[in-house]
Amino acid sequence: MPRRLKKPAAPRRATSPPTHTLRLLLGDQLNPDHSWFARPDPGVLYVLMEVRQETDYVLHHIQKVAGFFAAMRAFARELAGRGHRVRYLRLDDPENAQRIPENLRRLLARERAGRFEYLLPDELRLDAELARFARTLAIPAAAHDTEHFLTGREDLARLFPAGGRFLLETFYRHMRRRFGVLLLSDGRPAGGMWNFDRENRRPYDGRTPPPEPLGFENDVRPITAMIRDAGVQTFGEIDPRRFPWPIDRAQAERLLAHFLEHGLPRFGTYQDAMSSAHWALFHSRLSFALNVKLLHPMRVIRAALDAHEADPARVGIAQVEGFVRQILGWREYMRGVYWALMPGLERANALGHDRPLPAFYWSGETGMRCVAAVVRQSLARAWAHHIQRLMVTGNFALLAGVHPDEVDAWYLGVYIDAVQWVELPNTRAMSQFADGGRVATKPYVSAANYLRRMSDYCEGCRYDPAQRTGERACPFNALYWDFFHRHRGLLGRNPRLALVYRGLDRMGAAARRELLDHAGRLRAGLERL
Ligand code: FAD
Ligand code: SF4
């Protein structure tokens, strides 16, 4: 008997399950361990979007835009691979309204979602916008923690009296105790000291070879082509065939492992050193992976502590403490400062500075070898280390009297790791003293001496670091004294600056006049330096 053939089943229509909740993920919320992703729920739709609202609010380095988009796309793929439903809106998607609220409104309507959820943004601008948006909805909405930071937004402000100074050292010791980091059982600090600054921060000796910086070879050509075709304005350089920054967890972990093996053993010693031959020296370059939340700060801290415990002779206490301080201390501290001082911090200009940022910040074309080196490196790599940012480009902008808005816009645009919660307190408060001294106990400025000691930039510079006036005198010198002279009203009674003002007062009147006149000419002709 012929077997009756079973009628083939009609192909199932690929309809998505109904969406009961739509969840938004921003570009710096790529935390693969977030509890949201513990198990897939077919009723939850995750939304990520590339929007002009975020590419255009400041002029960005091309690596920054490409890096965020590449990491977002990789994260969307990972979520989908883990069984989550994901809607990814590309910048060139015809349905993209280019603003987060408009896109959300359309998607919520189309999906007939019964609930909207988002992760708390770290930037006030988006925090306020999403809170406003949520209030306009007819469906329930909720904001959740990103499960990334070690402190709450308000923790720092609670630790210090209102209106007083935020002391990093107090905050850092509090964090060491709170998380039991480098702490003996009796509560004393491991190694007998809370910080090893005296052993650390040496100039680079030129002999200890720093590791070859680990770069990845991510192909971001489709992304850079899309950015260009969309007409997004960017600056800086990129090799889109070999985008070097980590764009997923696996790459971030590789960068961390590379740092633990090769960078950490000398991190503290050379953390403030600058070398024209070695752009990354012993730094971790983990800031992008941390700031988009591919890595958790405690994962990085624990990994560094483990490396120290496994072999204290290789990774000494001074090295690991220097590194832990950056993440457990500075990073969380800056976040606390941001929430404590916003929104005022964004407009603060305690020194009343008003000059435009010199054009050489966008080209590197200046005879000042230190500034040229750091700007060129920043344009080429979208990265500079802390002391390059603070004591070269930041120092010069402050001495020259550049308006903090212009300084801010540059820092927010140029660095791969620049997100406002960490960029703004570092730039506006710490580097430009625009908060009037709630963060820094004195302005971070220096004359040529510091730069000559901590770098090799002065060798071969058109200017002479030893001269104060004259054609060949290093501009940092006269500008330094002029800065303190101009701001005597605000800074003259600061006990930490007593020595500086004594030096200024002890100068003969004629010498002082000559120095200040020279500084006046420099400030009038910044573009020619
Ligand atoms: P490492 O030297 O290896 O330090 C390890 C980690 O510690 C960093 O990845 C970072 O997460 C953290 N860290 C170190 N110093 C600081 C600090 N002062 N504040 C917060 N975290 C810190 N950092 C940013 O992440 N984004 C910014 O937009 C930013 N803007 C800055 C602007 C100015 C003017 C200055 C002076 C500093 C700025 N920093 C910023 C801090 C610091 O320069 C970078 O975090 C660091 O250079 C990143 O390189 P790295 O990962 O190799 O750091
Ligand atoms: Fe910079 Fe002055 Fe040294 Fe030249 S001489 S590299 S301008 S500090």
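Modeller: The lining of the largest cavity divides into 14 nonpolar, three polar and seven charged residues. Here Ala, Val, Leu, Ile, Met, Phe, Trp, Tyr, Cys and Pro count as nonpolar, Asp, Glu, Lys and Arg as charged, and the others, Gly among them, as polar. Please keep in mind that this is a predicted model, where local features need pLDDT of at least 70, side-chain atom pairs count only at pLDDT 80 or more, and totals for chains, interfaces and linings use all residues. Residues are numbered from 1 along each chain as its sequence is written, ligands are numbered from 1 in the order in which they are written, and side-chain values use heavy atoms, with hydrogens and water left out.

Colleague: What makes a space a cavity, and how many are there of 30 Å³ or more?
Modeller: On a 1 Å grid over the protein atoms alone, a cavity is a set of points where a 1.4 Å probe fits but cannot get out, and lining residues have an atom within 4 Å of a point. By this rule there are five cavities of 30 Å³ or more. The largest cavity holds about 390 Å³ of space, counted as the space filled by probe spheres set on the points, with grid points joined across faces, edges and corners. Of its 24 lining residues, G27, D28, E54, Y57 and F68 are the closest to the centre.

Colleague: Which helix gives the most to the lining of the largest cavity?
Modeller: That is α2, with five residues. Helices are DSSP runs (H or I, at least four residues), numbered from the N terminus.

Colleague: Why is R523 called buried?
Modeller: Buried means under 20% relative accessible area (1.4 Å probe, protein chains only). R523 has a relative accessible area of 15%, so R523 is buried. R523 sits in helix α21 (residues 509–524) and touches R355, L399, A400, G401, L479, D482 and R486, not counting residues up to four places away in sequence; contact means heavy atoms within 4.5 Å.

Colleague: What makes a nonpolar core, and which residues touch the most other members of the largest one?
Modeller: A nonpolar core is a set of buried Ala, Val, Leu, Ile, Met, Phe, Trp, Tyr and Cys residues joined through side-chain atoms within 4.5 Å. Of the 153 residues in the largest, Y333 and F396 touch the most other members. A second, separate core of 20 residues includes M49, L104, L108 and A134.

Terms used. 1 Å grid on protein atoms, 1.4 Å probe; cavity = no way out; pocket = protein on both sides within 12 Å on 5 of 7 lines; lining within 4 Å. Helix = DSSP H or I, 4+ residues; strand = E, 2+ residues; numbered from the N terminus. Buried < 20%, exposed > 50% of the residue type's maximum accessible area, 1.4 Å probe, protein only.
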